[in-house]
Amino acid sequence: MPTPTDIRKYFIQYFRLTDYLISQDQAEQTIREGVTFRGTNILILILAIFIASLGLNTNSTAVIIGAMLISPLMGPIIGIGLGVGIQDFELIKRSLRNLIMATGFSVLTSTLYFLISPVSEGHSELLARTSPTIYDVFIALFGGGAGIIAIGSKSKGNVIPGVAIATALMPPLCTAGYGIATWQLGYFFGAFYLFLINSIYIALATFIGVKLMHYHPVETDNLLRAHKVRRIIYTIAVLMMLPSLYLTYNMLRQSRFTANASRFVADECRFPATRVLSTDATIEKGNRTLTITLIGKILPADSLNLALSSRLQFYGLTGTKLNIIQGDTPDISSMQGSSVRDIYEMAQTSIADKQVTIDSLRAVIAENRINDTISGRIAPEVKVLFPQIRNLAVTRAIFGNIDTSRLDTVNVALVSYSSTPLPAAKQKELQRYLEARLRLPSISIVNVGGSMNAGHSNQQPANAKRSR
């Protein structure tokens, strides 16, 4: 019967590193060589930045992964972790200086690229690197741990390339350059924060790995300085984690709200002749809104809103504002999949175009109705002011110029008299009265019992309103 001690020893042997590690000197040499950014290293970094920017610009995951594998950015970050672990302050300063230079060159290169790139909109691969969460902290920490163990191991395998892909140091720097180039500082700060998270926690994981592998520290007389550096590292690591915790909380809150909203719509929005076209669950400034778009038979809006609102509390959606948008389309039962959205959008466009035509025709009809009733409305006034007038009709006429084919709109008053026509002065007075009373810029008086009056019988009014 094995004892607990035997069981413990049996499992411990699976985690014993002594027989699988290279010497500290070999591991240090590998790390120190990767710290320097001069000559070919800096050129490779710039080219990798261009490749990553192209990948983000074209939304190509394969190209972005290739840039991660090419990039030498991991070297100075691991160098910082090693320097803290073995108390080599010169290595820390050299690594930090090279990391700052590499970061500056990377952001500058990506900014220049996106300034000249004809494609300026952000894609999913670009936007995904502007809201880091606590999960990115863990990815950097575990990735950095795997990286330092692989560097110190005799059998490295494919760990280092995998770490480069998992921790994704290049894309955030390209996104930061995109934010500067397009003056979207939200992109810049979010992406640069992700890069800082990756850098700090890879370095922290390297420091922990160095301690676990029992690397001997550099001889130093200033132990107080070593303790101070470690405290600074711990403090920065904690401070960098705090914003990610808040962003994680927001992400989880949005995720839970979206899941509850989807469950609510699936359970409660079941109607015989109406389907759910789309749903949109958003949280803005603490206000939760659920918008549901329905297509098919129109349902009573008030009753529907009241019925659905009363069910929100059973899905964890208390306090959510519910917006219901309805549209109508024939034979909805025969439409499947994405065609529903396409047909709905085409129908809405057609309806909008027809509505414009209807509104225009309504305006014309309303204007014609007003013209048809003008004579009746002003007849009592005309009878008092101009008793000789027997009949009066006000209308619009379209005159066509024979020589130029130009069309002009003219307001015309057709007048017949019970006795003799009005004298010229009285006709001028009638003209001014009709223009003021009907609010017209000009009007022509036409005697339908004979010819047109002297002022307008043989010529078109000079001040008539014209239209093409």
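**Terms first**

Angles under 35 degrees count as roughly parallel, over 145 as roughly antiparallel, 65 to 115 as roughly perpendicular and the rest as oblique. I take axes as lines fitted to C-alpha atoms, for helices over the stretch in contact, with angles running from 0 to 180 degrees between N-to-C directions.

This is a predicted model, in which local features need pLDDT of at least 70 and side-chain atom pairs count only at pLDDT 80 or more, while totals for chains, interfaces and linings use all residues. I number residues from 1 along each chain as its sequence is written, and side-chain values use heavy atoms, with hydrogens and water left out.

**Overview**

I looked up the elements and found 15 helices and six strands. Helices (H or I, at least four residues) and strands (E, at least two) are DSSP runs, numbered from the N terminus. The protein has 468 residues, and 40% of them are buried. Buried means under 20% relative accessible area, exposed over 50%, partly exposed in between (1.4 Å probe, protein chains only). Next I looked up contacts, meaning heavy atoms within 4.5 Å. Of the contacts with a separation of 6 or more, 72% join residues 24 or more positions apart.

**Confidence**

pLDDT is the predictor's confidence in each residue, from 0 to 100. The mean over the protein is 78, and 84% of residues reach 70 or more.

**Helix α2**

I checked the length of α2, which holds 12 residues (24–35). The expected span of a helix is 1.5 Å times one less than its number of residues. Which residues of α2 are buried? I find Q24, A27, E28, I31 and V35. Seen down the axis, these buried residues fall within an arc of 95 degrees, so they line one face of α2. The arc is that of the directions from the helix axis to the C-beta atoms. The general rule is that an α-helix has 3.6 residues a turn, so residues three or four places apart point the same way. D25 and E33 are exposed, on the face of α2 turned away from its buried side. The cover over the buried residues of α2 includes α5 (74–86), α6 (89–116) and α8 (134–151).

**Helix α4**

In α4 (residues 61–70), I find I64, A67 and M68 buried. They cover an arc of only 100 degrees around the axis, which puts them on the same side of α4.

**Helix pairs**

I looked at α8 and α12 next. Their axes are 7 Å apart, and they pack at an angle of about 130 degrees. α8 and α12 are therefore oblique to each other. From α8, I134, Y135 and V137 meet M241, S244, L245, T248, M251 and L252 in α12.

How do the axes of α3 (residues 40–58) and α10 (residues 170–181) cross? They come within 9 Å and cross at roughly 75 degrees. α3 and α10 are therefore roughly perpendicular to each other. L45, A48, I49, A52, S53 and L56 in α3 meet M170, P171, C174 and T175 in α10.

**Single residues**

Q87 sits in the loop between α5 and α6. Is Q87 buried or exposed? Q87 is buried, with a relative accessible area of 12%. Its phi is near 60 degrees, a positive value in a residue other than glycine. I then followed Q87 to H227, 140 residues apart in sequence but 9.2 Å apart in space, C-alpha to C-alpha. H227 lies in helix α12 (residues 223–268) and is partly exposed at 40% relative accessibility.

W183 also has a positive phi, near 55 degrees, and is not glycine. W183 lies in the loop between α10 and α11 (185–212). At 67% relative accessibility, W183 counts as exposed.

I149 is in helix α8, partly exposed at 41% relative accessibility. I149 and A205 are 56 residues apart in sequence and 9.8 Å apart in space, C-alpha to C-alpha.
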